[in-house]
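Here is a short note to read with the model open beside you. Take the points in order and find each residue as it comes up.

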Amino acid sequence: MYADALKTNDFCGEYYREGENEPVTVTFARKVKAGREAAYEEWARGIFAAARRFCGHQSLSILRPSPSTGGKYVFMLHFDNREHEQAWEKSDVRAEFLKRLEDEDLVEGETEINLASGFEFWFPLAEVPSAAPPPRWKMVTIIIPTVIALVMLANALLAPLNLQWPLELKIAAQCVFQVLLMTYVIMPRIMTLFQPWLYPREKVKRA
């Protein structure tokens with residue numbers, strides 16, 4: 001997997017109003033026809049270059065065909081909110097690229113599409129990224145005790161170091177500590193521990 005992120009946002013204009021602040025990730029899984037892989041990857045580079053110019057685009061990720069993706073290409077587009085994602089999805093630019101995809105006969109079968117937002121950021125989709133995310137009540141059940149534990153840990157570790165700091169600086173330091181620890185240390189291990197509960201095998205969508 002590789003990622004590319006640019007924030008040129010050439011298509012940010014008055015047309016785009018301030019949307020909800022939940023980040024949004026859309027995944028697309030497609031089966032490419034045999035022998036058409038190079039042409040498809042060229043097409044993908046073009047559409048991703050176009051998407052990067054749209055307001056709110058944050059990054060993209062690509063999974064090439066493998067057993068875990070059912071032999072499909074899986075693309076993940078990340079936007080800062082649903083409204084900006086919808087502006088891209090309904091744009092003439094995207095429609096032209098999809099028409100090219102059909103005209104050049106690059107793929108076969110149906111495209112699998114999944115939308116994830118909000119808490120789902122903390123929960124990478126299991127095995128095949130086009131699978132459904134876990135129910136939100138499960139995410140909340142895991143996140144609340146995790147955040148409480150991190151707050152207590154941050155207070156215990158940072159309190160002796162910042163006794164003379166202004167309140168604002170103390171809060172900022174605790175927030176940075178908690179987010180970094182949660183993103184890079186805690187959540188990956190939580191995901192491994194609770195994966196059978198979050199992603200029951202019978203609910204994982206297979207290609």
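**Notes on the predicted model**

1. Start with a charged pair. D105 and K33 join their side chains in a salt bridge, with N to O at 2.6 Å. D105 sits in the loop between helix 3 and strand 5, and K33 in the loop between strand 2 and helix 1, so the pair ties together parts that are 72 residues apart in sequence. K33 is partly exposed, with a relative accessible area of 24%. Keep in mind that this is a predicted model.

2. Stay with D105 for its backbone. D105 is not a glycine, yet its phi is positive, at about 55 degrees. The loop that holds D105 runs between helix 3 and strand 5 (107–117).

3. How many does a search of the whole structure find? The search finds six. As a general point, side chains of opposite charge can pair when their charged atoms come close.

4. One of them joins R82 and E85, whose side chains meet at 2.4 Å, N to O. Both residues lie in helix 2 (residues 82–89). They are three residues apart, about one turn of the helix. R82 is partly exposed, at 34% relative accessibility. E85 is buried, with a relative accessible area of 2%.

5. Another salt bridge links E104 and R100, with their closest N and O atoms 3.2 Å apart. E104 counts as partly exposed at 31% relative accessibility. R100 is also partly exposed, with a relative accessible area of 35%.

6. Next, look at the surface. Which residues form a nonpolar patch there? They are W137, L193, F194 and W197. Together they have about 440 Å² of accessible area. Helix 5 (residues 167–198) supplies the largest share of this patch, three residues. L193 is found in helix 5. L193 counts as exposed because its relative accessible area is 62%, and exposed means over 50%.

7. Then go inside. Rolling a probe the size of a water molecule over the atoms shows where empty space is left. The count comes to one cavity of 30 Å³ or more. The largest cavity holds about 90 Å³ of space. Its lining is made of F28, R30, W43, I47, F48, F75, L77, W88, R94 and L98. Strand 2 (24–32), helix 1 (37–51), strand 4 (73–79) and helix 3 (92–103) each give two or more residues to that lining. Helix 1 gives the most, with three residues.

8. Last, step back to the whole chain. It has five helices and five strands. Along the sequence, their pattern is β-β-α-β-β-α-α-β-α-α. The protein chain has 207 residues, and buried residues make up 40% of them. Take the contacts between residues at least 6 apart in sequence: 73% of these join residues at least 24 apart. The accessible surface of the chain comes to about 12,300 Å². Carbon and sulfur atoms account for 60% of that surface.

Note on methods
Residues numbered from 1 in each chain as written. Predicted model: local features only at pLDDT ≥ 70, side-chain atom pairs only at ≥ 80, totals over all residues. Heavy atoms only, no water. Patch = residues over 30% accessible without salt bridge, like charges linked within 9 Å, V, L, I, M, F, W, Y side chains within 5 Å. Areas by Shrake-Rupley, 256 points an atom, 1.4 Å probe, with all protein chains shown as cover. Salt bridge = Lys/Arg side-chain N within 4 Å of Asp/Glu carboxyl O. Helix = DSSP H or I, 4+ residues; strand = E, 2+ residues; numbered from the N terminus. Buried < 20%, exposed > 50% of the residue type's maximum accessible area, 1.4 Å probe, protein only. Contact = heavy atoms within 4.5 Å. 1 Å grid on protein atoms, 1.4 Å probe; cavity = no way out; pocket = protein on both sides within 12 Å on 5 of 7 lines; lining within 4 Å. Points joined across faces, edges and corners; volume = space filled by probe spheres on them.
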